[in-house]
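Reader: Got a model to go through. Can you put it up and we start with the strands?

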Amino acid sequence: MPIQVTMPRLSDTMEEGTLVKWKVKVGDKVKAGDNLADVETDKATMELQSYDDGTVARLAVAEGQATPVGKLILVLASPGESVEEAAKAGGAGDRAAGKPSDKADQTKAGKTAASAADTASGSSSSGGGAGVAVTATDGGRLRVSPLARKIAEERGVDLTHIAGSGPEGRIIKRDVLAANTASPVPVTKPQAAASTVPAPLIVGKLESKTIAVSNMRKTIARRLVESKATIPHFTVTVTVGMDALLALRTTLNQQLESQQIKLSVNDFVVRGCALALLRHPLINASWSEQGIQQHGSINIGVAVALPQEKGGGLVVPTLRDVQSKGLRSISSETRTLAEKARTKGLTVEEMSDGTFTISNLGMLGVDHFEAIINPPQAAILAVGAAVKRPVVKSTPQGDQLAIGTEMTLTLSADHRVIDGAMAAEYLQTLKGLMENPAALLV
């Protein structure tokens, strides 16, 4: 009996998903747990895995197509079942559901299968195809991001001659751009004569166009407009001396090197925020019409920017019960979640139940910025870069000008929950912990 795979609900607010990339083609045998496709939800681009063994009989939607939750997207033939018969039976089930786009979907799927067959036989010279995985000379399929494929098509780059630098050898944007740059440029006109006036350097062209908005971008836009429009934000900034913390971090990383653990500045910030929230529990709270909800656990969200190859956007994985975790655990969990967010995508549970958020742009050289509160939380901390500056230090001989490393921390707070003095006291506690980092180890 054919197995019908429908668009799953991958987040609690998801109403439709966009099939970014098929990872299988008609005729492929799949096992439970195999990745069938990349699906963009309203929160992230996630892998769609198979729950069954079977053979791909029909791709019911084309790449890039937005599909409502519950609509048929793929038909699998059960082990031992005819692929052709399964495709017909699976299609009949979808048509019976009265889906108006079914015929068009079948046409696109048919074109996709034909294109895949052409590519597999080596008849394609451009490597572009119709968004279907192409077959390499060693018999394996090339992994290509949708953006890289689009750029390759626009520039006529042959993907089969490119070595991918992305996860698992995936060809991504920079690989195509590098290949395009390395391609010889034909000379169209001979130079008439050498000129004493240097020609202007043309570094690129700007293009006026409208970029389609992804489901994630729509969600980000809606939630942040809602946040700014309904939450009375105010911000408080402190400057933190980082010399002692950076020295401690260097020492700890030398001791942990054999264990392949490397603590980041952000790991110390997460630990400091949790300890400070223990002393100021009203910062770890949410506003509701029923009252202010003070949370019994400290779940800190760490904002992660996604690469363009995964559709771009921003996700916030959640570290749970941070008040009971040390630096090593925080570091390991943060890296695991961030890597998963950038490659495979996070589950809804891994992005839920945050009570406080940290947004760090310091690694990009940003000294200071103000973040927008992630509702229903009451506060978010914006972390700038640790920068060497002239500072005044007190010595037995009096105040002296010296070189020190400082970092700015800016708290955006919901004034319905947090007053100015409360925010300032919280930052004062956090500053004290960061400037006396031994307290973060206890």
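**Strands and sheets**

Author: Strand 16, residues 356-360, is mostly covered, with five of its five residues buried. Buried means under 20% relative accessible area, exposed over 50%, partly exposed in between, with a 1.4 Å probe and protein chains only. Strands are DSSP runs of E with at least two residues, numbered from the N terminus. This is a predicted model: local features need pLDDT of at least 70, side-chain atom pairs count only at pLDDT 80 or more, and totals for chains, interfaces and linings use all residues. Residues are numbered from 1 along each chain as its sequence is written, and side-chain values use heavy atoms, leaving out hydrogens and water.

Reader: How many bridges join strand 16 to strand 17?

Author: Four, and the two strands run parallel; strand 17 is residues 379-383. Thr357 has Ile380 of strand 17 as its bridge partner. Strand 12, residues 300-302, is also parallel to strand 16, joined by three bridges. There, Val302 stands opposite Ile358.

Reader: Switching topic. What order do the strands take in the open sheet?

Author: The order is 1-8-6-3, four strands with antiparallel pairing. Two strands pair if DSSP finds at least two bridges between them. Strand 1 (3-6) and strand 3 (29-30) are at the edges with a single partner strand each, so one side of each has no neighbour in the sheet.

Reader: And what stands opposite Thr6?

Author: Leu72 in strand 8. Strand 8 covers residues 72-77 and is joined to strand 1 by four bridges, running antiparallel.
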